[in-house]
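Here is a short tour of a two-chain model, written to be read with the structure open beside you. Please load it and follow along.

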Amino acid sequence: MKQFLSFVHKEFYHILRDGRTMLILLGMPVVQILLFGFAINMEVQHIRTVIFDPAQDAATRDITERLTANPYFHMQGYVYSSDEINKLLQRGETDVAIVYEQNFNENLVHSKKAQLQIIADASNPNTGTIVAGYVTAIVGEYHPHIPYRIEVENKLLYNPEMKSAYTFVPGIMGLVLMIICAIMTSISIVREKERGTMEVLLTSPLKPGTVLISKTVPYLALSFINLITILLLSYFVLGVPIQGNLALLVAVSVLFIFLSLSLGLLISTLVQTQVTAVLISGIGLMMPTLILSGMIFPIGNMPEPLQWVSSAVPARWYIAAVKKVMIEGLGFTHVVKEVGILTAMVVFLIGASIAKIKNRL
Amino acid sequence: MESEIVINVSELTKKFGSFTAVDRISFDVHKGEIFGFLGANGAGKTTAMQMLCGISKPTSGKGTVAGYDILKENEKIKRNIGYMSQRFSLYEDLKVWENIRLFGGIYGLTDKEIKEKTNELLHRLRFESERNTLVKSLPLGWKQKLAFSVAVFHTPQIVFLDEPTGGVDPAMRRQFWEMIYEASDRGITVFVTTHYMDEAEYCHRVSIMVDGRIEALDVPGNLKEIHQAQSMDEVFRKLARKATRMDNG
């Protein structure tokens, strides 16, 4: 026990003395939360809008007013020909044009059918779709007779304001914990191999297992600090509520922290240099976490083979569980599958590292 | 020498696949002896040393270190040896006293023992003023003296030194060897590998490994006589010429 404590003590010195790394480790979640929360915004705002309204009747004016009043739209004014619309769109001076047909209200009243065209700049397909969606929704609210009816409620459940932060916060939690635990743990172990201090430790009465476990303790502590930072920032700064049970959220996170630590251990037993450790953890862990975890791109939209691959990405299950508990406010019974998969992964990784350590010499 | 034997190995062999790194070596080392373990790069020195330290399992052969079986009792061996590697073996970002305390703790010394021995050690090395200095800001020679002192801090029976004086100037090496003699006088057996043939002359006995086998083992004077050489350097070159193995570090 004394051995263990002496060693953990030393590990804390390593981290505390390396101010720059510590700043990165503690600052990273803050920067990421702020970046993803504000700068990288998947919401479309300030939609520059022009109106082509040959009808000029009660119905078209009402719809135009609704659009003007909506904070997402920035009304640029009326245009008077489709040529004008084309020019504006081509020059990138407007995002969307709304075109009413002639006798809009009359047609609506008499034949219960009036036509409205939305011309959106889809050079960025996501933005185009989202803008068209917004307009459709607003028009749909106006009058049931207009042949646009879309079901808005379903899509907006749990996130009525369509805030991106709701989807990003769980993702950032997965990413930050993965980086700190897996990458930093593997680097700190491999550093000992590289500097030759590992030989000294192996010839000492310290058991290899004790060395490895002591190495993870400081990163465990750092992860907790980061977890708390992320939750506080997302609650107070981004306004993401914690709907579900906080204890359950923390428990799931601890499980994921253990998983990341054991992943770091496994990497450290496989490689000999810090550069390889960084490459493997960087490319092997960060990229899949960013791309395949569902943090940015929905897993349901991926081709099937990629969906299988994503099942092997631990962050996918963690992020799914966090979304359920934190955003949707669901209880333990709804995350049993995720927790089960994460637990199985921990058991497998620890088993593999132990086997690897025993075989090393 | 009639004194107690602290290292005894016979027919010790280590194979990596079809490659025989260490080929049936046998020798004894006595208590308090300074035993030079020489060989070109790739001759198998490090592998042999790792087996003696209990961090590598021999393929065949047997032996005892500090009275314990290297096959079965390597945990007990580890408690009774010290080790200093060719690469610098202290933590650069820890202070001098923190390094000493860490290794004291690892070897299970009590806080009181560590405190007393640290004061005594720093006094002996005239290092008191450097107690709170980070190791990375010490000159290389001092670092190595400190690393050696840490390796013998828990008064092991045997200390293994793997090219301890690499990259140090001759004056510093001389001082380092004084520390080695001092440890030997205190009854600590010193098992040392080196590249410097002048250092081989300082050893009580020297073994020379070529291609995984021990080609010569005697006191330096006898070796020079047998091989009709002026210096250990010449002895070494005559023996090493027989090597057929590639220099694979």
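## A helix pair in chain A

How are α11(A) and α14(A) oriented to each other, roughly parallel or roughly antiparallel? They are roughly antiparallel, a label given to angles over 145 degrees, while under 35 degrees counts as roughly parallel, 65 to 115 as roughly perpendicular and the rest as oblique. Before going further, a word on the ground rules: this is a predicted model, in which local features need pLDDT of at least 70 and side-chain atom pairs count only at pLDDT 80 or more, while totals for chains, interfaces and linings use all residues. Residues are numbered from 1 along each chain as its sequence is written, and chains are lettered from A and ligands numbered from 1 in the order in which they are written.

Back to the pair: α11 (residues 246–270) and α14 (residues 314–327) of chain A pack at about 170°, and their axes are 10 Å apart. Axes here are lines fitted to C-alpha atoms, for helices over the stretch in contact, and angles run from 0 to 180 degrees between N-to-C directions. Helices (H or I, at least four residues) and strands (E, at least two) are DSSP runs, numbered from the N terminus. From α11(A), the contact takes in Leu248(A), Leu249(A), Val252(A), Phe256(A) and Leu259(A). Facing them from α14(A) are Pro314(A), Tyr318(A), Ala321(A), Val322(A), Val325(A) and Met326(A). By class, this contact has eleven nonpolar, no polar and no charged residues; Ala, Val, Leu, Ile, Met, Phe, Trp, Tyr, Cys and Pro count as nonpolar, Asp, Glu, Lys and Arg as charged, and the others, Gly among them, as polar.

## Domains of chain A

Chain A is divided into domain 1 (2–40 + 163–360) and domain 2 (47–156), with bounds that come from an automatic or database domain assignment. The C-alpha centres of these two domains of chain A are 46 Å apart.

## Where the chains meet

Between the chains, 20 residues of chain A are in contact with 21 residues of chain B; contact means that the C-beta atoms of two residues, placed from the backbone, lie within 7 Å. On the chain A side, α1 (2–17) and α9 (197–203) are the elements that give two or more residues. The most comes from α1(A), with eight residues. Sorted by class, that side of chain A has seven nonpolar, seven polar and six charged residues.

One helix pair spans the two chains: the axes of α1(A) and α3 (residues 96–106) of chain B come within 8 Å and cross at roughly 150°. That crossing angle makes α1(A) roughly antiparallel to α3(B). Lys2(A), Gln3(A), Ser6(A), Phe7(A), Lys10(A) and Tyr13(A) of α1(A) make the contact with Glu98(B), Leu102(B), Gly105(B) and Ile106(B) of α3(B). This contact has four nonpolar, three polar and three charged residues.

## The four-stranded sheet of chain B

Four strands of chain B make an open, antiparallel sheet in the order β2-β1-β4-β5; two strands pair if DSSP finds at least two bridges between them. At the edges stand β2 (19–30) and β5 (68–69) of chain B, each with a single partner strand, so one side of each has no neighbour in the sheet.

Eight bridges link β1 (residues 5–16) of chain B to β2(B) in the antiparallel sense. Ile7(B) has Val29(B) as its bridge partner, and Lys15(B) has Thr20(B). The two strands form a hairpin with two residues between them, and Gly17(B) in the turn has a positive phi of about 65°. β1(B) is also joined, antiparallel, to β4 (residues 60–65) of chain B by five bridges, with Asn8(B) opposite Thr64(B).

## The six-stranded sheet of chain B

Another open sheet of chain B has six strands in the order β6-β7-β8-β3-β9-β10, with mixed pairing. Its twist averages 15° from one strand to the next. Five bridges join β7 (residues 158–162) and β8 (residues 189–193) of chain B, which run parallel, and Ile158(B) stands opposite Thr189(B).

Five bridges also join β9 (residues 205–210) to β10 (residues 213–218) of chain B, here antiparallel. Val210(B) is bridged to Arg213(B), and Asp211(B), in the turn of this two-residue hairpin, has a positive phi of about 50°. Two helices of chain B lie across the sheet: α1 (residues 45–52) across β3 (34–39), β7, β8 and β9, at about 155° to β7(B), and α6 (residues 170–185) across β3, β7 and β8, at about 145° to β8(B).
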